[in-house]
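Student: Please take a close look at one part of this model with me, and tell me about it in one connected account. I would like to know how its pieces are put together.

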Amino acid sequence: MEGLQYLASGFASALTPANLAFALAGCVLGTLIGVLPGLGPAAGTAILIPLTFTLDATGAIIMLAAIYYGAMYGGTITSVLINVPGEAASVVTCLDGYQMARQGRAGAALGIAAIGSFVGGVFAAAALVMVAPPLARFALSFGPPEFFALMFLGLCLVTGLAGQSLAAALLMTVLGLLLALIGIDPVRGAPRFTFGIPELYDGLGFVPVVMGLFGVAEILLVVEAPFRRLVETKLSGLWPSAEEWKRSGGAIGRGTAIGFFLGLIPGVGAVIPTFMAYILEKRLSKHPERFGTGAIEGVAAPETANNAYANASMIPLLVLGVPSSPTIAILMGAFIINGLTPGPFLFKERPDLVWTVIASFFVGNVILLVLNLPLVGLWARLLRLPYQYLCAGTLLFCIVGAYSLKGTLFDVGVMLVFGIIGYLLRKLGFPLAPAVLALILGPFMEKSLRTSLEMSAGDFGIFVTRPISAALLACAALILAVSALRLAALKSIRGGGS
Amino acid sequence: MKNVLFLLAFSTGLAFAQAFPTKPVQLMVAYPAGGSTDIAARIVAAIAEKDLGQSIVVLNKGGAGGQVGWTEMSRAKPDGYYIGFINLPALNTVILDPDRKAAFSVDAFVPVINQVLDPGIIWVKGDSPYKTLKDLLDAAKKNPSKISAATTGILSDDHLAILMMEEAAPGALFRIVHFDGGAPVMTAVMGGHIECAFDNVGSVFRRIRTGELRALAVMDTQRSPFIPDVPTMKELGYPTVISSSTRGIAVPKGTPQPVVKRLELSLKKAMDDPEHLKKMEEAGLQLRIMVGEEYAKYYRELHTKAAKYTEWARSRPHK
Amino acid sequence: MPQTRGWQAALAVLLAVFAFFAFESLRLSLRDALGPGPGFFPFWLSVAGGFLGVVLFVQVSRGRMGFETPTLTFELRPVALVLAGLVVATAFLEAIGFRLAMLLLLPYLLFVLGVRNWLAMGLFSLAGSFGVYHVFSGLLKVPLP
């Protein structure tokens, strides 16, 4: 297959000192950007675009791509250490990763995240080489109705996060959906629930809300018990135990698959694969109640999915010239500034460039692993600082993060408000994850729904007449039915109380 | 006495202008980093700051299709240290749409200099059955409201362009489907979910060159230098269907004239600079520099035009 | 039982929130020429939320929540102090600038949480205010007030 031949020469050029340096720089910068709050891969990449004016095309793209998936890992670090997701996709990692840190297992959490990311990334890159074009074309067949069906399916999976009270989880989901609807109505352009504040026109903003619900609220809870230590038990080992390895294996495999397939579909976003991988693991587990208390699979699955997604989402860009997300759009901008059009013709015109970039994905994943694994110990030890400094530091972190998103104080305010809300909800035992998932999915769902209806001129049948969306909706219905049955069964086992 | 006062005012103004700028100038872009407005802004800022003598810092204040950034600019102190990009007709429709409750009116901004003019374009997939504009319009007439047409946003220039097209070709009615920006439009049309797209040249000309996409018409009075084979609306017999997205720099109302002039000079110089021309060409952004009064006139005329179509868009039965 | 009271209060607030959304949705149109209008989904979601809220309320009042909640204890003083500090700092963030605001906030937080090591406190606050400002504004070109 000529692909392999190209790949070989791609490696040769990817491993030149210059390109290696770019990949390294990208990974370092990316991890830093992921760790630093609020910046996120999008803003970070954009800031670095001027740099690429001076570099040659190949080097620039290698570096930007490295920044992108480096940032995915960077976001994990803060999720695990201080329960603040460095960027959106790391939210799910907070659920179990932070709990693991509380138990002194931060090293293991970060370690498995690094390894899972590596596996996911390499696999996705390999798949890119082998099956990209036909798969990419399949991904194009996802139109607005299919998107809606997919998101709806994702939301139904929230029943898997239900914990012990389905009603509470559903309530939180509804709340999240409503909050997601704040902002300018995507179809009519009329502001909804905005009280005339222009900053709300784009909605609450996922990052400030999550930073508040997870980060600030957590600090408030910690602060309450003055002698509570942030890390409750001694730091026990920096490496996952043999048993943890065993449990993570399946999680990594499944996470890779989910991340990869969803990465192919332009527009899905990084958060959905992580949620789906997490929920899938929980459902398949023999001990689902461990999730949320520090189950290592709960870190392995989303982290792997995360990185598999990041690498796979390059596929629509390279093969079809379609950016999957705003961040990739920036990457595409880098191509364009350098006079290149990503897409099938780029493969034909400049195979040297394309294959070098692809080869550098492999290289980059290796670099990321090598870079981050030794640092795991360092990060984990950071938690040994007296808790007051960690708290103050986290709050500082959050303020900077919330402000630097758009440069307005408003986001900081939102974060504080949701910090209070999160604190209260946590005290009462409400599950936050369904609300967060709904908050992310809400806007997309509504947009897809209404765009679909525009396409069909108001006919709801469009969702069932198209094969893919019908299939997805059928799955969703199945999941709901299964959940309802399970719950009924549980209730009757508990002795007919309801 | 009057002469003395006049001289005093004039020289003070001159002195002020010569003193300006004494600290960095903020150039606001009402869209997130990485978009084409942002890229063009950064290119011109990097060059203009040399002449201006102070650095020009690009500030991204994205949100609500530009409304957040423009709201802030309208409230900024008019001392020349806060200037920003205005995108037309996006700005116009934000002002004109009563639902948006814009906190500013058309007079809130003084246009200084326009940079980019990205003409509208109608394109279809490369293997689409529509080979010419006539094919598309015939289909739209034969099956009114069945042929789907994508736009990059409600009340965007694309949206208004569709209405202009329908006005110029009576009987042709499209089923308008709005997306959020260029990328979803690309996916939707390439995936075969939508039949055609009303878009801008800058976003698609490269793919037109490669043949992946086919352009049916360019909504300008002259052919695009990037894709010279595509006929214009004028040539095809629809001279009224002229639409484009322009991006230029404006200042808040009340900024002193000498300051405005100073900014105008530096920016114009930067835009004429060969480095600027080269970078903009590489980025695929067509320049149409309009300065001062010419730009202000364009601004007002566009506002009137947009008013008509905005009204129509709101009352059109979407069926 | 404090737990039940707490839950009931929270649910009451949530129900009020849903009612608000429902009310606002009705002011936007529920249906128009092209199917559902801007108010359609928020309205039905609010209704669903209200329903769930009521169900939970009943469950809670009957003492059967279906799961254990941690006992509700409140040690409000440190929380309130921290929050107050945050709110004040945020309010003045743009007025007095990031560096000054953080220089004041950080020692305050540390003090409230019990730190008495002045040197460490001072170093930390300097790093957190001026240090962070320099990194973000200078190196990363991310504007902080």
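Tutor: Happy to! Helices (H or I, at least four residues) and strands (E, at least two) are DSSP runs, numbered from the N terminus. Keep in mind that this is a predicted model. On that basis, chain C contains five helices and two strands. Reading chain C from its N terminus, the order of the elements is α-β-β-α-α-α-α. Of the 145 residues in chain C, 29% are buried. If you take the contacts in chain C between residues at least 6 apart in sequence, 52% of them link residues at least 24 apart.

Where the domains of chain B meet, 16 residues of domain 1 are in contact with 20 residues of domain 2. On the domain 1 side, the elements of chain B that give two or more residues are α4 (90–96), β4 (109–125), β9 (244–252) and α11 (292–315). The largest share of that side, three residues, comes from α11(B). Sorted by class, the side of domain 1 of chain B that touches domain 2 has six nonpolar, eight polar and two charged residues.

Notes: Residues are numbered from 1 along each chain as its sequence is written. Chains are lettered from A and ligands numbered from 1 in the order in which they are written. This is a predicted model: local features need pLDDT of at least 70, side-chain atom pairs count only at pLDDT 80 or more; totals for chains, interfaces and linings use all residues. Two residues are in contact if their C-beta atoms, placed from the backbone, lie within 7 Å. Ala, Val, Leu, Ile, Met, Phe, Trp, Tyr, Cys and Pro count as nonpolar, Asp, Glu, Lys and Arg as charged, and the others, Gly among them, as polar. A residue is buried if 20 or more other C-beta atoms lie within 10 Å of its own, exposed if 12 or fewer, and partly exposed in between; C-beta atoms are placed from the backbone.
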